[in-house]
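Thanks for coming, everyone. Let me put the model on the screen and walk you through it.

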Amino acid sequence: MELNDGNLQTLTEYLQKTLSPDPAVRRPAEKFLESVEGNQNYPILLLTLLEKSQDEVIRVCAAVTFKNYIKRNWRIVEDEPNKISDPDRTAIKANIVNLMLTSPEQIQKQLSDAISILGREDFPQKWPDLLTEMVNRFQSGDFHIINGVLRTAHSLFKRYRHEFKSNELWSEIKLVLDTFAQPLTELFKATIDLCQTHATDVNALKVLFSSLTLISKLFYSLNFQDLPEFFEDNMETWMTHFHNLLTLDNKLLQTEDEEEAGLLELLKSQICDNAALYAQKYDEEFQPYLPRFVTAIWNLLVTTGQEVKYDLLVSNAIQFLASVCERPHYKHLFEDQNVLTSICEKVIVPNMEFRSADEEAFEDNAEEYIIRDLEGSGVICQEPRGELETQRCCYLPGEVFHKYQ
């Protein structure tokens, strides 16, 4: 397929037809696209279309179609034909990062997912300059671009939370740390400073707190397998800022929605996860910072409301306290009768309440509610939890009290 206006127009028409609610129109269009996706230049035509089309719907449709095409075809299977030509592979990797970062957010998310698929297969051996290209964009000062980089990096690195240990994995993580850890730390500090500068600008704060949440997720992924020397050397910087963010209460970021977690809740939830990770795996190095985090997270628990939007925050905060209380050398923090009474009265009992939101969820779809109840009970304490996890659980040494939403 040649890169010309005629083929772009044809592709536009068939993409438009795939959006039709009429199966007689939609299915032939889908079959046509399947029949031509093996042709050279097909993915380049899709990228050209999502970049240059004046129709926003077609641009999004092209982005989704491209991502699904990459998902189906990028992996090279031994003894099977290469489904994407080498020139197309080279052209895609040469252009997709810049295209992703300069696209509107809806398209950016699709291309970010596509890059993560490419990265799983090709990074670092076949795509050694990917990280350098991404890190250089931190200097742009444009947080639309910066958040695009962070979102893509999160997609690439979150698999480190699941991978089995191996020399290949250690080599990759070392490469990532050598290239990414220092710029990420500098970006973290700069973003904190910008939050203080724009403390009264709600629109700026929303963008900046989105960045801080992504940065915190990246911290978790990069520290999951082992404690990197860089982060151990810079623990004071990270933990001081994490603690300050945990105790922050900016009225501008509070939401009226009782079900959807806001940016402040999402950020604090992730920081609780990060603190729990350190308390579980690196307790010796984390010990100097532990008391202040116990105090801050305890205060979060006793002051947070019962609304559904706080469920993830409460769950992660309790998980942190569970990580602490199960360590023998921290048991003294929880042995006092007043502390145990306070835990029962202010944490366990309130979080065992069957709320009206729970009742509504059960009435709307009892089967789904029960499935989520049963599945959640087995995964709430495992890492990593899903970002949409809504189960709360409360711990005491030797006992587990669960409340499921």
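**Salt bridges, a pocket and some rings**

E105 is partly exposed, with a relative accessible area of 42%. Partly exposed means between the two cut-offs: buried is under 20% relative accessible area and exposed is over 50%, with a 1.4 Å probe and protein chains only. Before I go on, a word on the source. This is a predicted model, where local features need pLDDT of at least 70 and side-chain atom pairs count only at pLDDT 80 or more, while totals for chains, interfaces and linings use all residues. Residues are numbered from 1 along each chain as its sequence is written, and side-chain values use heavy atoms, with hydrogens and water left out.

Back to E105. By salt bridge I mean a side-chain nitrogen of Lys or Arg within 4 Å of a carboxyl oxygen of Asp or Glu. Both residues sit in helix α6, four residues apart, about one turn of the helix. Helices here are DSSP runs of H or I with at least four residues, strands are E runs of at least two, and numbering starts at the N terminus. An α-helix has 3.6 residues a turn, so residues three or four places apart point the same way. K109 is partly exposed too, at 38% relative accessible area.

E105 also forms a salt bridge with R151, with the closest N and O atoms 3.8 Å apart. R151 lies in helix α8, residues 143-157, and E105 in helix α6, so this pair ties together parts 46 residues apart in sequence. R151 is buried, at 18%. Shared partners join E105, K109 and R151 into one network of salt bridges.

In total, the structure holds twelve salt bridges. Another one is D122 with K93, where the closest N and O atoms are 3.0 Å apart. D122 is in helix α6, residues 105-122, and K93 is in helix α5, residues 86-101; they are 29 residues apart. D122 counts as buried, at 6% relative accessibility. K93 counts as buried as well, at 15%.

Next, the second largest pocket. Its volume is about 290 Å³. The method: on a 1 Å grid over the protein atoms alone, a pocket is an open set of points with protein on both sides within 12 Å along at least five of seven lines, and lining residues have an atom within 4 Å of a point. Volume is the space filled by probe spheres set on the points, which are joined across faces, edges and corners. Fifteen residues line this pocket, and D249, K268, L300, T303 and T304 lie nearest its centre. Helices α13 (263-281) and α15 (290-303) each give two or more residues to the lining. The biggest contributor is α15, with four.

What about α13 itself? Of its 19 residues, 16 are buried, so α13 is largely enclosed by the rest of the structure.

Last, the aromatics. The whole structure has 19 aromatic pairs. Rings of Phe, Tyr and Trp (its six-membered ring) pair if their centres lie within 6.5 Å; planes under 30 degrees apart are stacked, over 60 edge-to-face, and the rest tilted. F219 and F231 have ring centres 5.3 Å apart and planes at 85°, so they are edge-to-face. Both are buried. F230 and F231 are edge-to-face as well, at 5.5 Å and 90°. Ring pairs build a cluster that includes F219, F230, F231 and W238.

Note on methods: 1 Å grid on protein atoms, 1.4 Å probe; cavity = no way out; pocket = protein on both sides within 12 Å on 5 of 7 lines; lining within 4 Å.
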